Amino acid sequence: MKNFVVKTIANAAALAVAVWLLDKITLTGDSTGKKVGTVIVVALLFGLVNFLVKPVVKVLTFPLFILTLGLITFVVNALMLLLTSWLADKLDVSFHVEGFWTAVLGGLIISIVSWAMNVVLPDDKD
């Protein structure tokens, strides 16, 4: 359970950094508390998408991973971010990613910040 909380906090921080850096990734809310709540909900959605959908996509695109020497990872991460944006829209959560290239850059930012957060935060697998 602790590992899940750590990963959710890392995803939330990474999403917040992407929202802060990129104008075309938007997160709205009336107050700071609502924005924090929205980031946590989006982090949970993003984690769920990465847990359920990303492995299937990776298996189906395995030949492209070999052919592009792993660069297709950027596209897969962008698609996961766009899927999260779509799900957030369907669930009436105020998070939106505008465009594929914004999603590619956002996915790169999220990957880097998540990695850094996972290095800093404790990761006990109890």
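Let's start at Phe 95: setting aside neighbours within four places in sequence, this residue is in contact with Leu 15, Val 19, Ile 25, Thr 26, Leu 27, Val 42, Leu 81, Thr 84, Ser 85 and Ala 88. Bear in mind that we're looking at a predicted model.

Phe 95 turns up again when you step back to the largest nonpolar core, which has 29 residues. Along with Leu 15, Ile 25, Leu 81 and Ile 110, Phe 95 touches the most other members of that core. Which elements build it? Helices H1, H2, H5 and H6 each put in at least two residues, and so do strand E1 (25-27) and strand E2 (95-97).

Those four helices come back at the largest pocket: H1 (2-21), H2 (32-52), H5 (72-90) and H6 (100-120) each supply at least two residues of its lining. The pocket holds about 490 Å³ of space and has 21 lining residues. If you want to find its centre, look for Lys 7, Asn 11, Phe 46, Gly 47 and Asn 50, the lining residues that lie nearest to it. Which helix gives the most to the lining? That's H2, with seven residues.

Last stop, the charges. Side chains of opposite charge can pair when their charged atoms come close. This structure holds one salt bridge, and it joins Asp 30 to Lys 34, with 3.5 Å between the closest N and O atoms. Is Asp 30 buried or exposed? It counts as exposed, because its relative accessibility is 74%, and the cut-off for exposed is over 50%.

Technical notes
Residues numbered from 1 in each chain as written. Predicted model: local features only at pLDDT ≥ 70, side-chain atom pairs only at ≥ 80, totals over all residues. Heavy atoms only, no water. 1 Å grid on protein atoms, 1.4 Å probe; cavity = no way out; pocket = protein on both sides within 12 Å on 5 of 7 lines; lining within 4 Å. Points joined across faces, edges and corners; volume = space filled by probe spheres on them. Salt bridge = Lys/Arg side-chain N within 4 Å of Asp/Glu carboxyl O. Buried < 20%, exposed > 50% of the residue type's maximum accessible area, 1.4 Å probe, protein only. Core = buried A, V, L, I, M, F, W, Y, C linked by side-chain atoms within 4.5 Å. Contact = heavy atoms within 4.5 Å.
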